Amino acid sequence: GYAVSSNAAVLSSTGAVAYSRAEVDVGSADMWAEATLSTKTDGSGDFSQAAIVARFSSSSTTSYMVCRGLNGADDLAIRLTNGGRSNLTVVTVALNLPEVIRIEVQGTQIRAYINGVLKATATDATVGTGQRAGLYGFRPSGGAVVLDDLRAGSLPGPFVPSLPSQYGGFH
């Protein structure tokens, strides 16, 4: 699972998938979520994965995610979780840390952003409910994943930045 280190979510176990869901309901299935990926190193023979998740169901079994490092260090994927994980689209975007990864889900449209720039889109109607956001990660042996400053809100709506950690922001 994730451990908290300096107010960041650090994937502490190796060889396993970890989900972390915020228990705050953003009030709408039309939502955005983002976090800063500050560390992502791959292990020997496998890629670390870091993702921001939206439309988490209350049981965490269905969601959409924007994932970095799927089958290559520079992969950016929009994925569906519904009894398993499947790719809706995969593009190549150079990894340049730290970077803010953002997902927006509005109706059947899913959008992936890196540092505020739209990088990928997908259309899917499988997951129409779920009002929570969270993190997903995979850390192979020798790899590392650190995500920080998880923020989420409903769409449409203004961007609401988190407070810096020295002011007690949510991390």
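## Salt bridges and cores in a predicted model

The whole structure holds seven salt bridges, each a side-chain nitrogen of Lys or Arg within 4 Å of a carboxyl oxygen of Asp or Glu. Residues are numbered from 1 along each chain as its sequence is written, and side-chain values use heavy atoms, without hydrogens and water.

| Pair | N to O distance |
|---|---|
| Asp30 and Arg55 | 3.1 Å |
| Glu34 and Arg151 | 3.0 Å |
| Lys40 and Asp42 | 2.9 Å |

Arg55 is buried at 2%. Asp30 is partly exposed at 24%. Lys40 is buried at 7%, and Asp42 is partly exposed at 29%. Shared partners join Glu34, Arg102, Glu104, Arg111 and Arg151 into one salt-bridge network.

The largest nonpolar core has 28 residues. Such a core is a set of buried Ala, Val, Leu, Ile, Met, Phe, Trp, Tyr and Cys residues joined through side-chain atoms within 4.5 Å. Ile52, Tyr64, Val66, Ile78 and Ile103 touch the most other members. Another core, of seven residues, lies apart and includes Ala51, Met65, Cys67 and Tyr136.

The protein chain averages a pLDDT of 80, and 77% of the residues score at least 70. Over residues 158-171 pLDDT stays under 50. Where pLDDT is low, the predicted coordinates should not be read in detail.

Notes. pLDDT is the predictor's confidence in each residue, from 0 to 100. Contact means heavy atoms within 4.5 Å. Buried means under 20% relative accessible area, exposed over 50%, partly exposed in between (1.4 Å probe, protein chains only).
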